[in-house]
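This report goes through one protein model, from its overall dimensions to single residues. The sequence and coordinates come first.

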Amino acid sequence: MEDVDCTITPETTKAVTCEEDGEIVYTASCEFEGKTYTNSDTYKEAVKATGHKYGKPSYSWSKDDKGNMICAATFTCEKCKKVEIVPVKENATTDNGTIIAEKVEPTCTEDGTYTYKAVVKFQGESYTETKVETVKKTGHKYDNNGICTVCGHKRPTITLTSKKEVYTGKSISIDAPKVVGDVKDLKYSYYSDNACKNEISEPTDPGVYYVKVTADAGVTSNIATLTIVPQTAKITTVANATSYMTVSWNKVNKASGYYVYRSTNGKKFTKIATVKSANAAKYSDKKATKNGQKYVYKVVTYYNGNQTVSSAYSAAKTGYRLSTMKVSSLTNKKGKKAYIKWKKNSKSTGYQIKYVTGKSKAKTVKASSKAKTKTISKLKKGKTYKVRIRSYKKVSNVTYYSAWSKQKSVKIKK
Ligand SMILES: [Zn+2]
Ligand SMILES: [Zn+2]
């Protein structure tokens, strides 16, 4: 009899997992006198399932269709990656746990805070997780009288006043609005259209602009207009042309043209012409022809901006129509004199007669309103004189003149 040590070889015939037992088979073998002997009667050993090893879960939050918060805790086995999902729900306590909510509701002006605490029970352990949700402030809900139906707050008001300004070449802004109540972050918006669609920067050119102001909490002003009108022209002269009156003015920047107004009494004015030229500075009133008639003029500048806008009326300027005279005869009288005849103008205050020879300076003499002739003396023999006449009318110390007549010539022979 002889004892021989055997070699024992373990073999895992079934691996142990988290959930299933494993098995190990032990086989003994030995060598004796050059031969290998293996026992046929192996030893089997069962290995107990290890069970899962879950760590801390991860959480995901959602809401059901009634707005109740749901928190799903996901546990994952570190070894086999098996996943266990344990849901808990607000307003529902189960064996899985629950969600405890603490709600600070929002007000008109303050955000609210909902704090959710999920308590999850799993394999005898309790896990908690907290989520904080901010709920936006509701804003006031104003009724037709501007009173908040929730808190009674009175809606602030922003009131803009429309304004008219004269073009300056610089941008023009609306005046600050009247504000009642507590608002901040006032923002001014300018538009070229009354639907307030085309926003522009502060306007410069003549036109009609629409302005509104917005502030925090959605408070909006009325829409006011900012009207920029062209500058007013100044009438420089109202004068008699040969057969009608002319009006002249100093033109202004940013004009598309001018309206001309006329009155015969200085009170009631009628628009008689639209002069469609930015560069025009004179108008010929071919209907102002009545001898002795008072004609008073005003002009208005207009500009075709986003709308056509007009300046204020210019100051009025007066003229009197005086028909153009005619030298009816011009003769040389003895003693180096010239003798002039004309047809008198009963609407005039008097006459001026102008005479000149060669390049010397012209001289002027007057005649009374009733005169029909004039003798000019101290002329130079052998010279030819050109003579012309005009009437004038004096009203309140202002003298109005007719146009000059055509000139006639006379040679001084005696
Ligand atoms: Zn596992
Ligand atoms: Zn309120």
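In this predicted model, residues 24 or more positions apart account for 55% of the contacts in the protein with a separation of 6 or more. Buried residues make up 21% of the 414 residues. The secondary structure consists of 33 strands and zero helices. The radius of gyration is 55 Å, well over the 22 Å that the globule rule gives for 414 residues, so the protein is more spread out than a compact globule. Along its principal axes, the C-alpha trace spans about 195 × 65 × 25 Å.

**Domains**

The protein is divided into domain 1 (7-47), domain 2 (58-135), domain 3 (157-229), domain 4 (234-320) and domain 5 (327-411). Between the C-alpha centres of domain 1 and domain 4 the distance is 126 Å.

Strands of a sheet pair through backbone hydrogen bonds, either parallel or antiparallel. One open sheet has five strands in the order β12-β17-β16-β14-β15, and its pairing is mixed. At the edges stand β12 and β15, each with a single partner strand, so one side of each is left without a neighbour in the sheet.

The parallel pairing of β12 (residues 163-166) with β17 (residues 224-229) covers four bridges. Here Val-166 stands opposite Val-229 in β17. Strand β16 (residues 207-214) pairs with β17 in the antiparallel sense, over five bridges. Gly-207 stands opposite Ile-228 in β17, and Val-211 has Ala-224 of β17 as its bridge partner.

**The nonpolar cores**

Which residues have the most contacts inside the largest nonpolar core? They are Val-211, Val-247, Tyr-258, Val-260, Tyr-297 and Val-299, in a core of 34 residues. The elements that give two or more residues to this core are β16, β17, β18 (234-240), β19 (245-250), β20 (257-263) and β23 (294-304). Of these, β23 gives the most, with six residues. Domain 3 (157-229) and domain 4 (234-320) both give residues to this core, so the core lies between them.

Leaving aside neighbours within four places in sequence, Val-211 is in contact with Leu-160, Ile-174, Tyr-188, Ser-189, Tyr-190, Ile-223, Ala-224 and Leu-226. A second, separate core has 12 residues, including Ile-340, Trp-342, Ile-376 and Val-410.

**The three-stranded sheet**

Another open sheet has three strands in the order β8-β9-β10, with antiparallel pairing. Its edge strands, β8 and β10 (125-135), each pair on one side only. Neighbouring strands of this sheet are turned by 15 degrees against each other on average, direction ignored. Strand β9 (residues 112-122) and β10 run antiparallel and are joined by 11 bridges. Gly-112 stands opposite Val-135 in β10.

| Strand pair | Sense | Bridges |
|---|---|---|
| β12 and β17 | parallel | four |
| β16 and β17 | antiparallel | five |
| β9 and β10 | antiparallel | 11 |

**Loop residues**

Most residues other than glycine have a negative phi, and most peptide bonds are trans. Asn-91 is not a glycine, yet has a positive phi of about 65 degrees. Asn-91 is found in the loop between β7 (83-89) and β8 (97-104). Is Asn-91 buried or exposed? Asn-91 is exposed, because 12 other C-beta atoms lie within 10 Å and the class takes in counts of 12 or fewer.

Cys-196 also has a positive phi, near 55 degrees. Cys-196 lies in the loop between β14 (187-191) and β15 (199-200). With 14 other C-beta atoms within 10 Å, Cys-196 is partly exposed.

Cys-80 lies in the loop between β6 (69-76) and β7. Cys-80 is partly exposed, with 13 other C-beta atoms within 10 Å. Not counting residues up to four places away in sequence, Cys-80 touches Thr-17, Cys-18 and His-52. Cys-80 and Tyr-54 are 26 residues apart in sequence, and their C-alpha atoms are 9.9 Å apart in space.

Key:
Residues are numbered from 1 along each chain as its sequence is written. Chains are lettered from A and ligands numbered from 1 in the order in which they are written. This is a predicted model: local features need pLDDT of at least 70, side-chain atom pairs count only at pLDDT 80 or more; totals for chains, interfaces and linings use all residues. A residue is buried if 20 or more other C-beta atoms lie within 10 Å of its own, exposed if 12 or fewer, and partly exposed in between; C-beta atoms are placed from the backbone. Two strands pair if DSSP finds at least two bridges between them. Domain bounds come from an automatic or database domain assignment. Two residues are in contact if their C-beta atoms, placed from the backbone, lie within 7 Å. A nonpolar core is a set of buried Ala, Val, Leu, Ile, Met, Phe, Trp, Tyr and Cys residues joined through C-beta atoms within 7 Å. The radius of gyration is taken over C-alpha atoms; the globule rule is 2.2 Å times the number of residues to the power 0.38. Axes are lines fitted to C-alpha atoms, for helices over the stretch in contact, and angles run from 0 to 180 degrees between N-to-C directions.
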